[in-house]
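Reader: I would like to learn how to read side-chain features in a model. Can we go through them one at a time?

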Amino acid sequence: MKPLVAVLVIAVAAMAVADDVPFTDKDLESEESIWKLYERWGHVHGLTSRDLAEKGSRFEAFKVNAKHVNEFNKKEGMTYELGLNKFADMTLEEFLAKYAGAKVDAVILQASVRELEEEVIGDVPTTWDWRQHGAVTAVKDQGQCGSCWAFSAVGAVESANAIATGNLLKLSEQQVLDCSGDGDCNGGWPDMVLKGYAIEQGIALDSSGNPPYYPPYVAAKMSCRTVAGKPVVKMDGTTRVASGETALKQSVSLQPVSVLIEADTNFQLYKSGVYSGPCGTKVNHAVLAVGYGVTSNNINYWIVKNSWNTTWGESGYIRMKRDVGGNKGLCGIAMYGIYPTKIKQNPFSSVAASVADAAFY
């Protein structure tokens with residue numbers, strides 16, 4: 001693999017926390033002071049154009065979340081912090097309806113057709129980060145659409161293709177949302193994308209790439225606009241990760257893995273540090289495990305890429321506590337891991353296709 005360009009390595013190392021809105025107990029003393037905090041928050045997150053009625057309807061949720069963040073961050077011994085991010089004026093129910101949406105089908109999980117045997121590779125590195133090896137695209141934004149399933153699956157395909165070919169391509173979540181039949185903005189199945197569409201049809205470049213590309217992501221399901229015969233990135237198979245964090249670590253050392261987790265209020269408002277819950281294992285959100293590490297005070301963690309823009313968490317990432325015991329992992333992260341497999345070859349399935357002349361619409 002070619003190393004990342006210097007600027008990307010610096011950006012990853014910095015792990016900047018974006019759009020923080022600092023506040024104190026004084027800001028929560030009265031309705032008036034909280035309203036002023038709310039307006040300041042709205043200014044930071046570019047929401048000043050909202051009318052008074054909409055602000056008023058969102059204020060109650062903001063007030064509850066602001067108090068929760070303040071109380072949580074005062075607790076001693078916690079390994080992470082919460083913040084007033086762009087989701088701070090949403091109830092958990094509203095938030096999950098718009099930004100989560102991963103589904104799991106127990107029958108499908110039990111009866112996969114294209115899975116390979118889990119490869120046993122022996123010892124793996126103590127720490128590993130695929131961002132430092134040119135195998136992870138920039139953090140994306142799914143918008144107010146429960147399409148996390150598409151972003152997790154496409155991210156896994158992007159990484160598998162980059163590792164196999166040495167060429168990191170940005171692929172189209174909009175195409176998967178429009179064409180795969182594996183979900184919509186109310187949720188979907190990343191494993192079905194990887195076991196079916198990514199192998200049989202392939203995924204096109206997204207609109208930020210050179211032609212040919214699929215039309216840009218719009219956070220809504222549209223009509224499918226893929227033209228048959230045009231170049232796409234295809235996978236050769238998939239591997240289901242055995243349950244448990246040992247197997248997940250082994251798999252992540254091979255390549256990034258699509259995983260499912262349970263997102264809750266603290267996950268919604270996560271700011272920085274090693275997330276340690278509390279959370280359950282009723283998975284509802286799909287993300288991408290791209291590595292693992294250890295803090296200076298020996299806390300093991302997973303490096304997880306999200307799809308809620310770089311303004312959430314640590315520049316769009318979250319570090320989740322690793323080795324928590326049991327075979328499910330924190331928030332269920334070690335329950336349903338899956339990754340696509342690709343033999344080293346040309347990044348496009350049809351090498352004869354003309355990249356310059358192809359079009360999707």
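Reader: Which residue forms a salt bridge with Lys140, and how far apart are the closest N and O atoms?

Author: Start with the general idea. Side chains of opposite charge can pair when their charged atoms come close. In this predicted model, the partner of Lys140 is Glu158, with the closest N and O atoms 2.6 Å apart.

Reader: Which parts does the pair tie together?

Author: Glu158 sits in helix α6 (residues 148-165), while Lys140 sits in the loop between β3 (128-129) and α6. The pair therefore ties together parts that are 18 residues apart in sequence.

Reader: Are Glu158 and Lys140 buried or exposed?

Author: Glu158 and Lys140 are both buried.

Reader: How many salt bridges does a search of the whole structure find?

Author: The search finds 16. One of them joins Arg131 to Asp129, with the closest N and O atoms 2.7 Å apart. Arg131 and Asp129 are buried as well. There is also a network: salt bridges link Glu31, Glu60 and Lys63.

Reader: Which salt bridge does Arg319 make?

Author: Its side chain meets that of Glu314 at 2.8 Å, N to O. Glu314 has a relative accessible area of 4%, so Glu314 is buried. Arg319 has a ring to look at too: Arg319 lies over the face of Tyr301, at 5.2 Å from the ring centre.

Reader: Over the face of which ring does Arg322 lie?

Author: That ring belongs to Trp302, and Arg322 lies 5.6 Å from the ring centre.

Reader: Now rings with rings. How many aromatic pairs does the structure hold?

Author: The structure holds 23. Read two values for each pair: centre to centre distance and the angle between the planes. Tyr38 and Trp41 are stacked, at 5.7 Å centre to centre with 15° between the planes.

Reader: Where do Tyr38 and Trp41 lie in helix α2?

Author: They are three residues apart in helix α2 (residues 31-44), so about one helical turn separates them. Tyr38 counts as buried because its relative accessibility is 3%. Trp41 is buried too, with a relative accessible area of 1%.

Reader: What does a tilted pair look like?

Author: Take Tyr80 and Tyr270: 6.4 Å centre to centre, 40° between the planes. This pair links distant parts of the chain. Tyr80 is in strand β1 (residues 80-82) and Tyr270 in strand β8 (residues 270-275), 190 residues apart. Tyr80 and Tyr270 are both buried. They also belong to one aromatic cluster, whose members include Phe72, Phe87, Trp308 and Trp312.

Reader: Last topic, nonpolar cores. Which residues touch the most other members in the largest core?

Author: The general idea is brief. In soluble globular proteins, nonpolar side chains tend to be buried together. Here the largest nonpolar core has 46 residues. Phe62, Leu84, Leu248, Phe267, Tyr275 and Met320 touch the most other members. Helix α3 (residues 52-73) gives the largest share, five residues.

Reader: Why does this core lie between domain 1 and domain 2?

Author: Because domain 1 (25-80) and domain 2 (98-341) both give residues to the core.

Reader: What does Phe62 touch, leaving out residues up to four places away in sequence?

Author: Phe62 touches Ile34, Leu37, Tyr38, Trp41, Leu84, Ala88 and Asp89.

Reader: How many residues are in the second, separate core?

Author: The second core has 38 residues, among them Val139, Ala156, Tyr301 and Ile338. Tyr301 is also the ring under Arg319.

Methods
Residues are numbered from 1 along each chain as its sequence is written. This is a predicted model: local features need pLDDT of at least 70, side-chain atom pairs count only at pLDDT 80 or more; totals for chains, interfaces and linings use all residues. Side-chain values use heavy atoms; hydrogens and water are left out. Rings of Phe, Tyr and Trp (its six-membered ring) pair if their centres lie within 6.5 Å; planes under 30 degrees apart count as stacked, over 60 as edge-to-face and the rest as tilted. Helices (H or I, at least four residues) and strands (E, at least two) are DSSP runs, numbered from the N terminus. Buried means under 20% relative accessible area, exposed over 50%, partly exposed in between (1.4 Å probe, protein chains only). A charge sits over a ring if NZ of Lys or CZ of Arg is within 6 Å of the ring centre and within 35 degrees of the ring normal. A nonpolar core is a set of buried Ala, Val, Leu, Ile, Met, Phe, Trp, Tyr and Cys residues joined through side-chain atoms within 4.5 Å. Domain bounds come from an automatic or database domain assignment. Contact means heavy atoms within 4.5 Å. A salt bridge is a side-chain nitrogen of Lys or Arg within 4 Å of a carboxyl oxygen of Asp or Glu.
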